[in-house]
Amino acid sequence: MNPAGIFIEARANGLPFWDSEAEEELCCVGIRDETDDVRTFMFTAQRPSRFFYWPGQFLTFDFLIDGARVNRCYTIAATPTRPHQITITVKRKPGGVVSPWLHATMRPGSRVRAVGPLGDFSFVAHPAEKYLFLSGGSGITPLMSMARAHHDLGHDADILFVHFARSPADIIFRRELDLMAHHMPRLRVVQVCETDSPHERWGGMRGRVNAPMLALIAPDLMDREVFDCGPEPFMRAVRGGLDALGFDMSRYHEESFDFGTLAEAEPAVAAASMAAVADAATGAAFSVEFIKSRRTIRVPADRHVLEAARLEGLRLPSSCTKGLCGTCKSRLISGKVEMHHQGGIRQREIDQGMILICCSKPLTDLVIER
């Protein structure tokens, strides 16, 4: 049966489904430590509801931190085959804004706002008979959601799940993956570590992902649909390895929310680029003022505000750059834009003057609260 059909059928009976448009808050009902710096946070809806989503999709959370609202995308680590609870698994990043706050302050009973689920990083969107799941660090979460769904549904898919971690102590979901592999004859789990832990010498494969390692682990690589998630350097190494092996990249899918790698450009290069675009066919450009950043830039009529801001060297929060995640959500103080989003903003937020700057082009001069 087509995997999508299973999840469509799941909507047919029982409790109503949680709808972020109608009920935007989730309630934390439990917290579980996965490693020393990784925790799983469990949520339910405010009223009895079920969650419907594709394994691998994400939610955009709206956190209130020190009086300011901060958006972050987190993949759902749970599986829709267990629809009454939703979970995210978060690594605490020193110097970060959201993850240390979550680890320090989130407690059972805490409420958070969320939008979604969103995204097409899922085997439902890309069904196959053989998969290669590649994950680095906390990038394991969407692939764990997919593996859990296959396990619960009794799918006989051939899954090779390869996870890369710093050390044995940093392997997330280690025991659960071993247990699932015991129950699923065609699920093979390979853990790769860079070094030993203080209390465990690693006896498995060591190193970082590269072409020879991929060829060794997956001799039938060319027959597999590849799903990849992790920090950008990890995914860049995976892409390079696959390309070196001649893999058909139309069968490659990736997901990442790395808020530390925003595109930048030198001011001189940015100025030249903007001038060239402004002199293009229409020649129209508008003034865009960012109040909090105390910067005013010129944005061509045919360019998205976020892209132009990055070319000018502004570091503004963003992730998907496609109007999906909502991370770049900003208040439009004055002016008009043409916005084509993909679900990352609610209609009531638009009515309240919010925009997604990644998918908004100026129609007039703008003043933005960023």
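This is a predicted model: local features need pLDDT of at least 70, side-chain atom pairs count only at pLDDT 80 or more; totals for chains, interfaces and linings use all residues.

Modeller: Residues are numbered from 1 along each chain as its sequence is written, and side-chain values use heavy atoms, with hydrogens and water left out.

Colleague: How many salt bridges does the structure hold?

Modeller: Side chains of opposite charge can pair when their charged atoms come close. The term here means a side-chain nitrogen of Lys or Arg within 4 Å of a carboxyl oxygen of Asp or Glu. The structure holds 27 of them. Asp37, Lys91, Arg166 and Asp170 are linked in a network of such bridges.

Colleague: Is Asp156 buried or exposed?

Modeller: Buried means under 20% relative accessible area, exposed over 50%, and partly exposed in between (1.4 Å probe, protein chains only). Asp156 has 56% relative accessibility, so Asp156 counts as exposed. Arg186, at 37%, is partly exposed.

Colleague: Which residue forms a salt bridge with Asp158?

Modeller: Arg224 does, with the closest N and O atoms 3.0 Å apart. Arg224 is in the loop between helix 5 (211-217) and strand 11 (225-229) and Asp158 is in strand 8, so that distant parts of the chain, 66 residues apart, are linked. Both Arg224 and Asp158 are buried.

Colleague: And where do Arg239 and Glu254 lie?

Modeller: Arg239 is in helix 6 (residues 232-244) and Glu254 in strand 12 (residues 252-255), 15 residues apart. The closest N and O atoms of their salt bridge are 2.7 Å apart. Arg239 is partly exposed at 24%, and Glu254 is partly exposed at 34%.

Colleague: Which residues does Met144 touch?

Modeller: Contact means heavy atoms within 4.5 Å. Met144 lies in helix 3 and is buried, with a relative accessible area of 0%. Not counting residues up to four places away in sequence, Met144 touches Ala77, Phe161, Phe173, Glu176, Leu177 and Met180. The C-alpha atoms of Met144 and Glu176 are separated by 9.7 Å.

Colleague: What does the side chain of Arg148 make with that of Glu176?

Modeller: A polar contact, at 2.7 Å. That term is a pair of N or O atoms within 3.5 Å; within protein, one must be able to donate a hydrogen and the other to accept it, and residues adjacent in sequence count only if both atoms are side-chain atoms. Arg148 is also in helix 3 and is buried, at 5%.

Colleague: What do the buried residues of helix 6 pack against?

Modeller: They pack against strand 7 (130-136), strand 8, helix 5, strand 11 and strand 12. Glu232, Phe234, Met235, Val238, Gly241 and Leu242 are buried in helix 6. Helix 6 has 13 residues and reaches 18 Å from its first C-alpha to its last, close to the 18 Å expected; the expected span is 1.5 Å times one less than the number of residues. Gly246, whose phi is positive, near 80 degrees, follows helix 6.

How values were computed: Helices (H or I, at least four residues) and strands (E, at least two) are DSSP runs, numbered from the N terminus.
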